Amino acid sequence: MSKHMTTNTPTKAPIQVQASVLKNLDAVRAMIKRHKLNDYIFSVIGLLALMFALLTLLILFGDLVMDGFERFNLKFLSEFPSRRAANAGLLSAWVGSALVMLVTFLVAVPMGVAAGLYLEEYAPKNWFSDLIEINVTNLAGVPSIVYGLLALGLFVYILGLGQSILTAGLTLGLLILPIVIVSTRESIRAIPIAIREAAYAVGATKWQVVYDHVLKYSYGGILTGVIIGMARALGETAPIITIGALTFIAFLPPSPVTDVAPFINFEWLSSGFTVLPIQMFNWLSRPDHAFHINAAATGALIIIVTLLMNGTAIYLRYKIRKNIKW
Amino acid sequence: MNTATQMLNQPINLTISPRLAKNVRRNIKERIIEFILMLAALSAVATTLSIVAILLYESLSFFKTVSLVDFFTDTQWTPLFEDAHYGILPLVSGTLTTSAVALAVAIPIGTISAIYLSEFASHKTREIVKPLLELLVGVPTIVFGYFALLFLTPILQKIFPELPGFNMLSAGIVMGIMIVPYIASLAEDAMRAVPMSMREGSYAMGATRFQTATRVVTPAAISGIVAAYILGISRAVGETMVVAVAAGQQPIVSFNPMESAATITAYIVQVALGDLPHGSIGYQSIFAAGLVLMGITLCFNILGHLIRKKYREHY
């Protein structure tokens, strides 16, 4: 910018000085105009780049809804998969998804929250804690299919759990564990130290402080992380395919609730299953276009549920941030 | 006798007061709870260890049949054929090609979005756009696979009529779109961490927003931005469903995105869908492939974290 000003330093007669300054002034003005134009051009490009990502989401969703529109009815949810595309439904897939998610929840939430509490509240500052921390960060970057390989080797064959709902739930539970741990830690960290000190001052033990105060006040933040994790688990396909889940299931797992005492049975845990994304993958990989319509409808359903879950989580976080002022 | 000896001669009362007993019980309970919490935290370490152990264990049996030299130099990957070849190169080339296409899409768009969000967008725009980007991150990958196969490929086929139905180009582009929000938000975080005073200094010298963004903020945040790219690469390499659906399943050595080729992840899915007996060479081969995949992503992840940590400028 300064280039124009210094190169033509006026050293001659006063009148000429005037002229050269005026000339420079024009050059400077032109330059300012040019740079402002650059600003403007970039802000348009930036907006387009942002819109590109968001428009994709919109097009993707619109495309799925349009392609799968004719299958949007209750019959689609209450029929088993079939060789005839028009009769095929999602019953076994959504029931399977629900049961797998239940196991995932029961695995990931207690373990993730406990690990988060330990790392934030208990862990001494030493190499051991560092090791756990590095591990959690690292796990978040492991491709999901590798969890599938772990499950195939460990759960399916070494522990002999087979290709069951329990295996799938455990796998997805481990997969979303880092998400739950990180969100737990973040929301715990937001609680001021004064709250803890106040509780200690009236004689609370560490666990009383942690359970009655720290955990209860970070509830919202943890919930946000759990919802995001569960949404991820719902859409996760690769690890479940890797454990060898069947793609054509025309039966339901035994019901978890029975009408005879003790009213709960655990047979469903070891039952074969399929889940929504696998059903979608199965229909998608068939050459027959009629099945692609089913895949689109399934995709629309998955996307609606995950968007709703993620949307709830984001809204919740927004509310928490706005409401709590320590 | 003085008082001290008197006290010493008295019998010592050894019963523990109820209060102390309560304290002891409390203490034990506290310890047990801490131990349980620690076990939960250790589950993360246990997961990592078991991943490594399982991959190594199954791969070791694989490498008893296949020599390492063959594995890394053979240009054919046909473990399930009569005439079996075990060269990982075709799968690696497919993985690298799709990832390269993805990055060619994601890096420019992600960087520009990050600069715009951090330096140009109003507070209100940012508040609206950031959650939307997060929503995009949450879209399941199988849905993106549908998008690549049945939406983007037909469009691309109109532009390039010779494009096969399964190709690395559309899978790569869609993967790129998938990682745009990821790169954008990491890079934006890095740029927002640049202190305001540096921007103010630049503005005070008469620089425009664009000049400040490209010549002051971006260089200052470059380590974070590069780390975002590297973590993006690691994501692209490990991505499974998009390539399994849309990129094809022929393992060939090719760096031409217009062709159809299998990636490491697509191969694992393909084998897992079939019914391979436990302990067969085909079964072991997916663990060897997984080990290579894990190795590649781990390298990128560590590199990303190192760059972010080491070259982060402290202001």
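Author: Let us begin with the idea of contact: two residues are in contact if their C-beta atoms, placed from the backbone, lie within 7 Å. Please keep in mind that this is a predicted model.

Reader: How many residues does the contact take from chain A and from chain B?

Author: The contact takes 72 residues from chain A and 70 residues from chain B. On the side of chain A that touches chain B, helix α2 (residues 14–68) of chain A gives the most, with 18 residues. That side of chain A comprises 47 nonpolar, 21 polar and four charged residues.

Reader: What confidence does the predictor give the complex?

Author: The complex receives an ipTM of 0.86 and a pTM of 0.85 from the predictor. For the individual chains one reads pLDDT, the predictor's confidence in each residue. Chain A has a mean pLDDT of 84, with 89% of its residues reaching 70 or more. Chain B averages 86, and 94% of its residues score at least 70.

Reader: Where in chain A does pLDDT stay under 50?

Author: It stays under 50 over residues 1–7 of chain A, for which the model has seven contacts beyond four places in sequence.

Reader: How should I read the packing of two helices, and at what angle do α6(A) and α2(B) pack?

Author: One reads the angle together with the distance between the axes. Helix α6 (residues 144–158) of chain A and helix α2 (residues 18–65) of chain B pack at about 70 degrees, and their axes are 9 Å apart. Angles of 65 to 115 degrees count as roughly perpendicular, so α6(A) and α2(B) are roughly perpendicular to each other. Their crossing is left-handed. From α6(A), the contact involves Val146(A), Leu149(A), Leu150(A), Gly153(A) and Leu154(A), while α2(B) supplies Ser50(B), Ile51(B), Ile54(B), Leu55(B) and Glu58(B). Of these residues, seven are nonpolar, two polar and one charged.

Reader: Which residues of α4(A) meet α2(B), and how are these helices oriented?

Author: Helix α4 (residues 91–122) of chain A packs with α2(B) at an angle of about 110 degrees, with 7 Å between their axes. These two helices are therefore also described as roughly perpendicular to each other. Met111(A), Ala114(A), Ala115(A), Leu117(A), Tyr118(A), Leu119(A) and Tyr122(A) of α4(A) meet Glu34(B), Ile36(B), Leu37(B), Met38(B), Ala40(B), Ala41(B), Ser43(B) and Ala44(B) of α2(B). This contact has 13 nonpolar residues, one polar and one charged.

Reader: Within chain B, are α8(B) and α9(B) roughly parallel or roughly antiparallel?

Author: The angle again decides the matter. Helix α8 (residues 196–204) of chain B and helix α9 (residues 209–220) of chain B pack at about 155 degrees, with their axes 10 Å apart. An angle over 145 degrees counts as roughly antiparallel, and α8(B) and α9(B) are therefore roughly antiparallel. The crossing of α8(B) and α9(B) is right-handed. Here Met198(B), Arg199(B), Ser202(B) and Tyr203(B) of α8(B) meet Thr212(B), Val216(B), Val217(B) and Ala220(B) of α9(B). The residues of this contact are five nonpolar, two polar and one charged.

Reader: Into which domains is chain A divided?

Author: Chain A is divided into domain 1 (3–68) and domain 2 (73–323). Taken over C-alpha atoms, the centres of these domains are separated by 48 Å. Their contact takes five residues from domain 1 of chain A and six residues from domain 2 of chain A. On the domain 1 side, three residues are nonpolar, one is polar and one is charged.

Technical notes: Residues are numbered from 1 along each chain as its sequence is written. Chains are lettered from A and ligands numbered from 1 in the order in which they are written. This is a predicted model: local features need pLDDT of at least 70, side-chain atom pairs count only at pLDDT 80 or more; totals for chains, interfaces and linings use all residues. Helices (H or I, at least four residues) and strands (E, at least two) are DSSP runs, numbered from the N terminus. Ala, Val, Leu, Ile, Met, Phe, Trp, Tyr, Cys and Pro count as nonpolar, Asp, Glu, Lys and Arg as charged, and the others, Gly among them, as polar. Axes are lines fitted to C-alpha atoms, for helices over the stretch in contact, and angles run from 0 to 180 degrees between N-to-C directions. Angles under 35 degrees count as roughly parallel, over 145 as roughly antiparallel, 65 to 115 as roughly perpendicular and the rest as oblique. A crossing is left-handed if the near helix is turned anticlockwise from the far one by less than a right angle, and right-handed if clockwise. Domain bounds come from an automatic or database domain assignment. pLDDT is the predictor's confidence in each residue, from 0 to 100.
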